[in-house]
Amino acid sequence: MKFAVLASGNGSNFEVLARSVRSGSIPAELALLLSDKKNAYVRQRARNLQIPEQWLNPQDFPDRRAYDQALKEILTREGIDFVALAGYMRILSAEFVRSYPNKIMNIHPALLPSFPGTDSLYRAYRHGCKVTGVTVHFVDEQVDHGPIILQQPLLITPGMTYEELETRVHEIEHQLYPHAVRLYAAGKLLVKKNHVEIAE
Ligand code: GRF
């Protein structure tokens, strides 16, 4: 399996995936990092890890469809058949998603279907939720919506600060995402009627 990561920001999840590939715990090749943000730190991480990276500037394209078409051309040219989103802040076009059915994965800092969209963790914290967590799912045409692969809950205990919660969520993400990609690369994820079965 040859895959790409799409990311817009800090890139800690990208780095964990890259290191899992490098250590052999994900049986795949991480061929490319693509970013829509020129100054995203994730690009520096890719360069440090000597993983090819590319910035695709949204302003160079008339609309989302054209941008995603260019993305798809790059992925096709590189022979990439699986995409992991890791803090990618652009919504993908329906055409793009349809080109990769159950071949795009996303990690989301909430227990979907609760709190889709941006600032999920902060919204859950502000809401006074007693439990939150992390979801890894396949991407469909709706935002933060497709078949759920793995979820891990996390209790928000009395007195926990938002910063503490964020740290815990990242720790969980850094375990859960490599695990999900590992299962995919090993051919152990089977999607049946929007439910994901895990063959162990
Ligand atoms: C993570 O919280 C992930 O769940 C969300 O975006 C954040 C990315 O963090 N989709 P990082 O850039 O990987 O550090």
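Predicted model: local features only at pLDDT ≥ 70, side-chain atom pairs only at ≥ 80, totals over all residues.
Residues are numbered from 1 along each chain as its sequence is written, and side-chain values use heavy atoms, with hydrogens and water left out.

Colleague: Which are the edge strands of the open sheet of seven strands?

Modeller: Strands here are DSSP runs of E with at least two residues, while helices are runs of H or I with at least four, both numbered from the N terminus. Two strands pair if DSSP finds at least two bridges between them, and the open sheet of seven strands has mixed pairing in the order β3-β2-β1-β4-β5-β6-β7. Each edge strand pairs on one side only, and these strands are β3 (53-55) and β7 (148-155).

Colleague: How many bridges join β1 to β2, and do they run parallel or antiparallel?

Modeller: Strands of a sheet pair through backbone hydrogen bonds, either parallel or antiparallel. Within this pair, Ala4 stands opposite Leu32 in β2. The number of bridges that join β1 to β2 is six, and the two strands run parallel.

Colleague: How many of the seven residues of β2 are buried?

Modeller: A residue is buried when its relative accessible area is under 20%, exposed when it is over 50%, and partly exposed in between, with a 1.4 Å probe and protein chains only. By that criterion β2 is largely enclosed by the rest of the structure, because the buried residues among its seven number six.

Colleague: Is His137 buried or exposed?

Modeller: His137 has its place in strand β6 (residues 131-138), where Asn106 stands opposite it. Leaving aside neighbours within four places in sequence, His137 is in contact (heavy atoms within 4.5 Å) with residues including Ile104, Leu112, Asp144 and Ile149. Because its relative accessibility is 1%, His137 counts as buried.

Colleague: What separates the C-alpha atoms of Ser93 and Arg64?

Modeller: Ser93 has its place in the loop between β4 and α4 (94-99), and at 6% relative accessibility Ser93 counts as buried. Leaving aside neighbours within four places in sequence, Ser93 is in contact with Arg64, Arg65 and Asp68. Although Ser93 and Arg64 are 29 residues apart along the chain, their C-alpha atoms are separated by 6.4 Å.

Colleague: At what angle do α1 and α6 pack?

Modeller: Axes are lines fitted to C-alpha atoms, for helices over the stretch in contact, and angles run from 0 to 180 degrees between N-to-C directions. Angles under 35 degrees count as roughly parallel, over 145 as roughly antiparallel, 65 to 115 as roughly perpendicular and the rest as oblique, and α1 and α6 are therefore oblique to each other. The axes of α1 and α6 are 9 Å apart, and the packing angle is about 45°.

Colleague: Which residues of α5 make the contact with α6?

Modeller: The axes of α5 (residues 120-127) and α6 (residues 162-185) come within 11 Å and cross at roughly 135°, which makes α5 oblique to α6. On the α6 side the contact is made by Tyr162, Leu165, Glu166 and Val169. The residues of this contact divide into six nonpolar, no polar and one charged, where Ala, Val, Leu, Ile, Met, Phe, Trp, Tyr, Cys and Pro count as nonpolar, Asp, Glu, Lys and Arg as charged, and the others, Gly among them, as polar. From α5, the residues that make the contact are Leu121, Tyr122 and Tyr125.
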